[in-house]
Amino acid sequence: MNLLKVKDRMELDRRVPSMPWYVEKFINYKLPDLSPSSLLEYVRDYETFFNWMLAEGLAAGPGISKVTLEELEKLHMDSIDAYRMFLASKPVQANSRTTVSRKLSSLRSLFHYLSQIAEDDEFYPLLKRNVMAKVAIKRTHKPKDTAAKLEGKLLQEEEIGEFLRYVKHDYGLDASLNKQALSSFEKNAVRDSCIVSLILHSGLRVSEVVNLNLDDLDMKKKMVYAYRKGSNEDTFKTPVYFRQEAAADLQEYINLRDSRYAAPRKEKALFLAVANGKSEGSRMTKRAIQQMVLKYAKRFGKPYLSVHKLRHSFATDYYLRNDLYKTQEQLGHASPDTTQIYAHLTDKTMQEAIDRIRQDD
């Protein structure tokens, strides 16, 4: 099974017992259809909601496991509106509109299950009144809107090569006066540039990169076999092609992987790191890769350039040379609607290219 899914399943199993009994019933109902990662997000959303109910005196408690179905039935629309306001304006880390909509959608899924699917011993619905059925949740991530938010925050054309050169070489010049930073760079530059190159030339997600094993790499066919996000079939890996430009970076890293990171024979992970206090390398974490990219991005002058925006950068460039459905397949999108983001982004890119040609003339 995908290592991140294993971890999320363990965390899900740890958290569910602290939930009301009907939430555990809902999670078990959804388990065959949704990934542990998605269900864990549901549980976190329910924890937030039940804790809010307790704080507002809408549930007697003493803890969230004691929130009753009767208390859910008595909720008014005013309460849901107040919860929406709480999510959007809480003092510490207010949620974006997209996150608020997702959290409300999680609640609506639970309430729908309790009122329309789950039954008591007398064959009556567990929840007699469903206040969430009245809640309209607007779609907040239309492709055009998402494209507008990404505009100017991606690497385009020659910037892709410039960023790769910076990660491979130029960061070392900037870090030359800091012995610790320079030492870390000299040790990890080949690995780091390989990861960045692979994402920029394949569009892999960070979770997919983390889960790659050494034997998932096929240099001859220029592909890796990856567990793709959203797939519940954990025994099947999808082939994902990478461009020729990434091949040399991958080969350079493979040549020094074992010696540079003291890879134990049993360690299958493609990308390794040696943790503080350890003598042998182990699989890099998702957070480590995210932090690594942000480190280079900040010094490169693009502090907003996250791992996911590297994926977006590849997708925009790839879409310019291919059609919607090839891009959808390469990125592992479940729906072409998601891929439409790049249609809007490339419209802008092509217009800018035309303007540059006119200026040159």
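This is a predicted model: local features need pLDDT of at least 70, side-chain atom pairs count only at pLDDT 80 or more; totals for chains, interfaces and linings use all residues.
Helix α9 (179-200) gives the largest share, five residues. Strand β5 (282-283) and helix α12 (286-300) each supply at least two. By type, the lining splits into seven nonpolar, six polar and five charged residues.

**Salt bridges**

The structure holds 15 salt bridges. Three of them are listed here.

| Pair | Closest N and O atoms |
|---|---|
| R15 and E47 | 2.6 Å |
| D192 and R191 | 2.9 Å |
| E159 and K302 | 3.3 Å |

R15 sits in helix α1 and E47 in helix α3, 32 residues apart. Both R15 and E47 are buried. E159 belongs to helix α8, while K302 lies in the loop between α12 and α13, 143 residues away. K302 counts as buried because its relative accessibility is 12%, under the 20% cut-off. Elsewhere, E41, R44, D45, R102 and K103 are linked in a network of salt bridges.

**Helix α14**

Helix α14 (residues 324-331) has the buried residues L324, T327, Q328, Q330 and L331. Seen down the helix axis, they fall within an arc of 165°, so they line one face. The face turned away from this buried side carries the exposed residues Y325 and E329. Just after α14, G332 takes a positive phi of about 75°.

How values were computed: Residues are numbered from 1 along each chain as its sequence is written. Side-chain values use heavy atoms; hydrogens and water are left out. Helices (H or I, at least four residues) and strands (E, at least two) are DSSP runs, numbered from the N terminus. Ala, Val, Leu, Ile, Met, Phe, Trp, Tyr, Cys and Pro count as nonpolar, Asp, Glu, Lys and Arg as charged, and the others, Gly among them, as polar. Buried means under 20% relative accessible area, exposed over 50%, partly exposed in between (1.4 Å probe, protein chains only). The arc is that of the directions from the helix axis to the C-beta atoms. A salt bridge is a side-chain nitrogen of Lys or Arg within 4 Å of a carboxyl oxygen of Asp or Glu.
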